[in-house]
Amino acid sequence: MKKSAAPALAFSRNVQLRHLRCFVAIAQERHLARAAERLAVSQPAISKTLTELEALVGTRLVERSSAGRRGVQGLTPTGEQLLGHALRVLEAVDAGAQAIAPAAGVRLERLRIGALPSVAPALLPQALARLRAHWPALQVRVKSATNAVLLDELRAGELDLVAGRISDPRLMTGLSFELLYTEPLVFAVRKGHPLARRGSSVQAVLGFPLVVYAEGTIPRHNTESFFSSRGLALPPDALQTLDLMVARALVAASDAVWVTPLGAARDDFLAGTLIRLRIDTPGTEEPVGLLMRSDAQSSAACVAMVGLLREAARQGQPKSRPAGASAKSAASRRKPAR
């Protein structure tokens, strides 16, 4: 019993804040040189501190990248466990520093939000506007990226909240997911598009240029699976982009067809600037929700934003009617409000 407790006792007695700050910087930057730059120390100093910490733990914490000794591919399972504890310790130290600071040194409150490009338009604008009305001095940063990138940054403490999708178990370690709604893929075209006038089919869509999401994203995977289930292949010349402004502008100015989650084009459908083709896409529904660190204590601003996003999800998920659908047929397909 004493022997098994020795490493833990040595760690608790000898670990220092500089070890934890070094480790968190490496986990967030995924590069030793960038971590050193952030902490204003040399790279050899970062490497030495990491080596000391790994010696205290008794195992490796970081997986080095094949691209070079400076790169970090990821954290080991032990590193993932330690990261959550290290973040809590540093957050507690920072909170203590703020508590004993002079009253004149007012802390600038901030909220760091991550959102998928396909999710942000449907959820964020209304919630952010209402948040600003109640928290006018709050510093808000919104980052849009792929789900994997956002979850990595959330786990590393660089984001407070993510509006995204649930992922594989490895990326969900230390995270919680709250379902807001599910949404299917849809086919969007400009007003007056030939397919909008005469009705459409999946085969007919392949006669026009396609705009799809980038490889490695869930919408792209669902798009490929949807075509594959019908014995069809996604054309190799389909334009790939995560930029909704590019996709929207291209579709509005041409005969291209945009395959996208409903939320990304919802406002365009409601405004009539784009038309949703009457193509059923069963099996493409994906959950959208809120992801947070399970062990983090949320700030008041973060809690408020979560509430506003829940309300936006309840109120702001109307379905647009596919082109050519009657009111009766649309009503028969309508799902519960999201």
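**Ala253**

I looked up Ala253 and found it exposed, at 68% relative accessibility. Exposed means over 50% relative accessible area, buried means under 20%, and partly exposed is in between (1.4 Å probe, protein chains only). Ala253 sits in the loop between helix 11 (244-252) and strand 10 (257-261). Helices (H or I, at least four residues) and strands (E, at least two) are DSSP runs, numbered from the N terminus. I also checked Ala253 against Lys191: they are 62 residues apart in sequence and 9.8 Å apart in space, C-alpha to C-alpha.

**Note on the model**

I am working with a predicted model, in which local features need pLDDT of at least 70, side-chain atom pairs count only at pLDDT 80 or more, and totals for chains, interfaces and linings use all residues. Residues are numbered from 1 along each chain as its sequence is written, and side-chain values use heavy atoms, with hydrogens and water left out.

**Whole chain**

I counted 14 helices and 12 strands in the chain. Of its 338 residues, 42% are buried. The accessible surface is about 17,100 Å², and 56% of that belongs to carbon and sulfur atoms. These areas come from the Shrake-Rupley method with a 1.4 Å probe; for residues, only the protein chains shown count as cover. Among contacts (heavy atoms within 4.5 Å) with a separation of 6 or more, 74% are between residues 24 or more positions apart.

**His193**

I found His193 in the loop between strand 7 (185-190) and helix 8 (194-198). His193 is buried, with a relative accessible area of 0%. Its side chain reaches the backbone oxygen of Asp255 at 2.7 Å. Leaving out residues up to four places away in sequence, His193 touches Phe208, Ser254, Asp255, Ala256 and Val257.

**Glu183**

Glu183 lies in strand 6 (residues 175-183). I noted that Glu183 is buried, at a relative accessible area of 2%. Its side chain makes a polar contact with the side chain of Arg165 at 3.1 Å. A polar contact is a pair of N or O atoms within 3.5 Å; within protein, one must be able to donate a hydrogen and the other to accept it, and residues adjacent in sequence count only if both atoms are side-chain atoms.

**Helix 3**

In helix 3 (residues 32-39), I found Leu32, Ala35 and Ala36 buried. They lie on the same side of helix 3, because they cover an arc of only 100 degrees around the axis. The arc is that of the directions from the helix axis to the C-beta atoms. The cover over these buried residues includes helix 2 (17-29), helix 4, strand 1 (62-64) and strand 2 (72-75). Ala40 follows helix 3 and has a positive phi, near 60 degrees.

**Helix 4**

Helix 4 (residues 43-57) has 15 residues and reaches 21 Å from its first C-alpha to its last, close to the 21 Å expected at 1.5 Å a residue. The expected span is 1.5 Å times one less than the number of residues. Ile46, Thr49, Leu50, Leu53, Glu54 and Leu56 are buried in helix 4. They are on the same side of helix 4, because their arc around the axis is only 155 degrees. The face turned away from the buried side carries the exposed residues Pro44, Lys48 and Ala55. Gly58 follows helix 4, with a positive phi near 95 degrees.

**Cysteines**

I looked for disulfides (pairs of cysteine sulfur atoms within 2.5 Å) and found 0. Cys22 is buried at 3% relative accessible area, and Cys302 is buried at 1%.
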